[in-house]
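Here is a short briefing on the structure shown below. Topics are grouped for quick reading.

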Amino acid sequence: MPELTLKHDPYNLIITGVGGQGNVMTSRAVGNMLSLLGFHVTIGETFGASQRGGSVMSHVRISKDSSWSPQIPSGHAHMVVSMEPSETIRVLKDFGNRDVKVITNTRPFYPVGVISGQISYPSDDDIRTWISELTSKAWFLNATEKAVAIGDPILGNVIMAGALAGTGELPLDREVFHTIMASRFSGDILQKNLDAYAFGVESVLSRKI
Amino acid sequence: MGNEAIARGALEAGVRVVAGYPGTPASEIIENLAKIAKEGSRKLYVEWSVNEKVALEVASAASFAGLPTMAVMKQPGLNVAADYLLHLSGSGVRGPMVLVSADDPGALSSVNEGETRYYAKLMEIPLLEPGDFQEAKDMTTWAFKLSDTIKNVVLLRTVTRLSHASGTVVLGEIPENGSNAFFKHDGFILDPNEGAILSPPVEYKHTEQQRKLKIAEALFEDSPFNTYTGPEKPELLIITSSICSLYSKEAVSILGVRDRVGILKLGTTWPLPPKRLLKHLSSCDHIFIVEEVLPFLEDEVKILAAEHGKTLGAKFFYGKKEGYLPMVGEMNPDKVAAALSRILAMPQPGMDDVYKKRATEISFAGSPHREATFCPGCPHRASFWTLNTALSMDNRNGFVCGDIGCYSMAVLPAGFSTLKTLHAMGSGTGVASGFGKLGGFGMSQPVLSVCGDSTFFHSAIPPLVNAIHHHSNMTLVVLDNSGTAMTGFQPHPGLEKDAMGNVAEKIDIPEVCRALGAEVRVCDPFDVSESRQVLLDLMDRDGVKVLVLKQSCALSPEKKSLKKYTMSVDQSLCAGENCGCNRLCTRIFACPGLIWDKENNRSRIDEVVCAGCGVCSSICPKGAIMKKEAV
């Protein structure tokens with residue numbers, strides 16, 4: 001196996017979304033994959049009552065030699081993987097910088113304030129323009145739509161993990177993903193997870209997004 | 001996860017009995033140990049006790065019988081257990097006993113940011129604070145050894161950012177099963193190994209307790225959990241502990257001052273090891289203390305420096321009392337880096353100004369505020385709809401005293417701002433019991449309280465007894481969602497299984513309340529009109545009434561991703577903004593599963609989000625929200 005290298009050490013990855021979308025699962029899966037490759041992975045998470053339906057974030061720090069703070073310093077994210085488009089912007093406000101890259105699901109999860117009409121939700125066009133302006137590279141995909149087609153909206157997470165692998169930013173490979181998923185699932189569920197991951201990888205590699 | 005590391009550390013110490021009460025961020029410690037106990041390969045007994053005081057009592061019994069034992073709770077639970085802890089630390093223990101208490105600085109999942117550390121000082125027991133994931137495991141194992149050496153309880157404090165963060169940990173060996181349980185009690189009364197276990201005679205036992213603490217202090221002097229990194233004679237010495245040690249490391253790294261600033265990370269924070277500290281204090285005159293919430297370390301270090309002022313000379317302290325760090329909220333690398341740059345008179349690090357300004361402008365329109373809300377299909381939304389509308393219809397300015405659980409969110413618009421007091425576990429009913437006696441002072445407002453099923457057993461029974469005994473006028477609404485839902489569906493005495501999955505004796509909440517003498521009704525909160533009518537009837541009567549609103553949590557394992565109904569909005573019946581209902585469904589009821597279709601001026605179901613509970617069909621005045629049994 002060639003020596004695995006990181007573009008930055010620690011590499012700072014933020015996985016964000018809305019409570020209930022399965023962020024914790026994604027950060028654990030990505031963390032486990034990198035940990036199996038021998039990296040020190042530190043994951044900081046927010047969950048509990050205050051996160052019900054609220055914004056959630058996992059901070060993943062990947063290093064060759066040590067544990068880092070479970071909170072990334074402001075402005076220091078290298079990559080943001082977001083399950084919800086407006087959450088991408090929220091994260092960029094605090095952790096973004098000119099070089100940051102982003103993969104974002106384009107399916108909105110409306111805040112209750114938007115549903116009630118007290119505040120408005122930005123248009124898809126605005127979101128794409130703004131995210132592109134604040135990043136050095138941005139990938140947009142409707143992971144939820146594809147996940148529903150595969151069989152369960154929660155698979156959106158797996159699609160996003162696949163998309164992250166597809167960017168080549170981190171040494172994530174399909175074999176390791178397969179090993180991890182096979183240790184937890186079997187049969188149809190395992191296959192759906194593998195399909196979702198493959199779709200994510202392919203979406204980025206095919207440059208259609 | 002930090003909590004998994006603590007659980008593993010206890011296993012590596014040969015722990016045999018573990019008891020606790022669920023509470024974020026501590027819950028996963030017992031959950032992981034319960035899994036091991038369930039597998040049955042080891043002799044291990046794990047229980048979710050009725051509350052933290054009982055957990056501490058249960059765990060201590062194992063210690064009295066010679067077994068390694070652990071009690072686990074979040075910090076407010078330590079307050080509940082404190083009365084017993086005072087006496088337990090006075091009597092001392094036999095088998096090694098560790099008490100894990102998890103703080104939540106910044107109140108990420110709490111309604112307080114209470115401190116564990118002061119309890120170590122107050123109870124005169126040793127305190128250990130892991131600074132990373134490896135230490136979370138190693139220190140837990142060592143805490144048992146320390147307890148075994150000094151024969152007293154050892155307190156291990158963790159915080160949310162350690163308990164709920166994950167990192168790489170190298171595992172150790174798990175020992176074979178140990179000796180059997182036997183309580184020796186017929187020796188000489190003062191014999192620590194064979195006599196009765198009690199806190200009197202107080203002066204004698206208290207002296208013993210302080211002698212034990214001195215042994216711990218001596219051991220702390222050489223502890224590998226106290227580490228120093230930095231130059232031999234630093235310009236500035238950071239003294240820190242717990243997760244703040246990682247923030248300090250990060251801040252020093254961001255500012256690039258590794259050759260100027262040293263970090264003394266303390267893992268043994270009560271009693272502080274004086275020699276170790278004095279050695280470092282004599283190497284540097286400028287001291288920056290980094291810790292969360294109250295200045296516990298800061299005060300102790302300052303006292304030590306004052307006591308040795310003659311030899312140490314004057315020191316310059318940069319801490320909370322000097323305003324370098326706040327005394328509230330949690331720390332992070334940015335706050336530490338900002339304070340550090342101020343002390344060193346360096347430019348403050350942070351985001352590029354131009355980028356920050358533009359990102360903030362964009363986020364104003366681009367990331368609308370996301371208020372926490374009940375999950376789609378949550379029975380609490382339906383229950384608070386009932387409570388709120390019943391109180392409005394009753395029209396006597398009644399109110400609800402709140403309690404601790406997901407339903408605490410009913411102080412927010414998510415629960416129609418129904419709760420008007422919110423404090424500790426069980427306090428809603430105690431406060432209501434008091435309000436219910438104010439009729440003699442002319443108060444005629446109806447008094448309600450709520451509590452969850454787990455909270456009912458934890459601490460709502462004594463205030464209910466109090467209210468009944470004193471003829472208070474109040475209605476307790478038990479929001480029974482069949483589990484300790486907020487912390488991850490831990491079982492409680494109202495359920496048929498225990499932490500290890502064994503069959504347990506189920507205690508029936510309505511029967512308990514009836515036996516105590518309350519008038520009791522049980523309704524399904526998803527039947528909004530019936531629940532409301534029953535509540536209105538109860539509110540009209542004197543005495544103590546109990547309404548149990550019983551419906552499983554939408555995220556409960558048996559219900560999750562199962563939709564009972566397929567919901568839809570009949571676009572021809574929904575009149576939109578012209579209806580006159582002021583968009584009751586999407587503006588007031590506001591379940592995230594119901595969204596507003598601006599272009600068509602109609603409500604719509606978001607199928608991805610909707611949990612299919614069917615409640616919204618009963619709130620639409622036009623009957624436009626349709627429910628169909630799901631296949």
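This is a predicted model. In chain A, strand β1 (residues 11-18) pairs with strand β3 (residues 55-63) in the antiparallel sense, over eight bridges. Strand β1(A) also joins strand β4 (residues 79-82) of chain A, this time in parallel, through four bridges.

**Sheet in chain A**

- The sheet is open and has six strands, in the order β2-β3-β1-β4-β5-β6 (chain A), with mixed pairing.
- Its edge strands are β2 (40-45) and β6 (137-141) of chain A, and each pairs on one side only.
- On average, neighbouring strands of the sheet are turned by 15° against each other, direction ignored.
- Strands β4(A) and β5 (residues 101-105) of chain A are parallel partners, with four bridges between them.
- In general, strands of a sheet pair through backbone hydrogen bonds, either parallel or antiparallel.

**Bridge partners**

- On the β3(A) side, G17(A) stands opposite V56(A).
- On the β4(A) side, I14(A) has V80(A) as its bridge partner.
- M79(A) is bridged to K101(A) in β5(A).

**Burial of β1(A)**

- Eight of the eight residues of β1(A) are buried, so the strand is largely enclosed by the rest of the structure.
- In a regular strand, side chains alternate between the two faces of the sheet.
- One side of β1(A) carries Y11(A), L13(A), I15(A) and G17(A), all buried.

**Helix pair α5(A) and α6(A)**

- Helix α5 (residues 143-150) of chain A packs on helix α6 (residues 156-167) of chain A at an angle of about 120°.
- Their axes are 8 Å apart.
- Angles from 65 to 115 degrees count as roughly perpendicular and those over 145 as roughly antiparallel, so α5(A) and α6(A) are oblique to each other.
- The crossing of α5(A) past α6(A) is right-handed.
- From α5(A), the contact uses A143(A), T144(A), K146(A) and A147(A); from α6(A), G156(A), I159(A) and M160(A).
- By class, the residues of this contact are four nonpolar, two polar and one charged.

**Contact between chains A and B**

- Chain A gives 56 residues to the contact and chain B gives 51.
- On the chain B side, α9 (244-255), α13 (333-343), α14 (353-366), α20 (584-589) and β20 (594-597) each supply at least two residues.
- The largest share of that side, seven residues, comes from α14(B).
- The side of chain B that touches chain A has 27 nonpolar, 16 polar and eight charged residues.

Note on methods:
Residues numbered from 1 in each chain as written. Chains lettered and ligands numbered in written order. Predicted model: local features only at pLDDT ≥ 70, side-chain atom pairs only at ≥ 80, totals over all residues. Buried ≥ 20, exposed ≤ 12 C-beta atoms within 10 Å, placed from the backbone. Pairing = 2+ DSSP bridges. Axes fitted to C-alpha atoms, helices over the stretch in contact; angles between N-to-C directions. Contact = placed C-beta atoms within 7 Å. Nonpolar A, V, L, I, M, F, W, Y, C, P; charged D, E, K, R; others polar. Parallel < 35°, antiparallel > 145°, perpendicular 65-115°, else oblique. Left-handed = near helix turned anticlockwise from the far one by under 90°.
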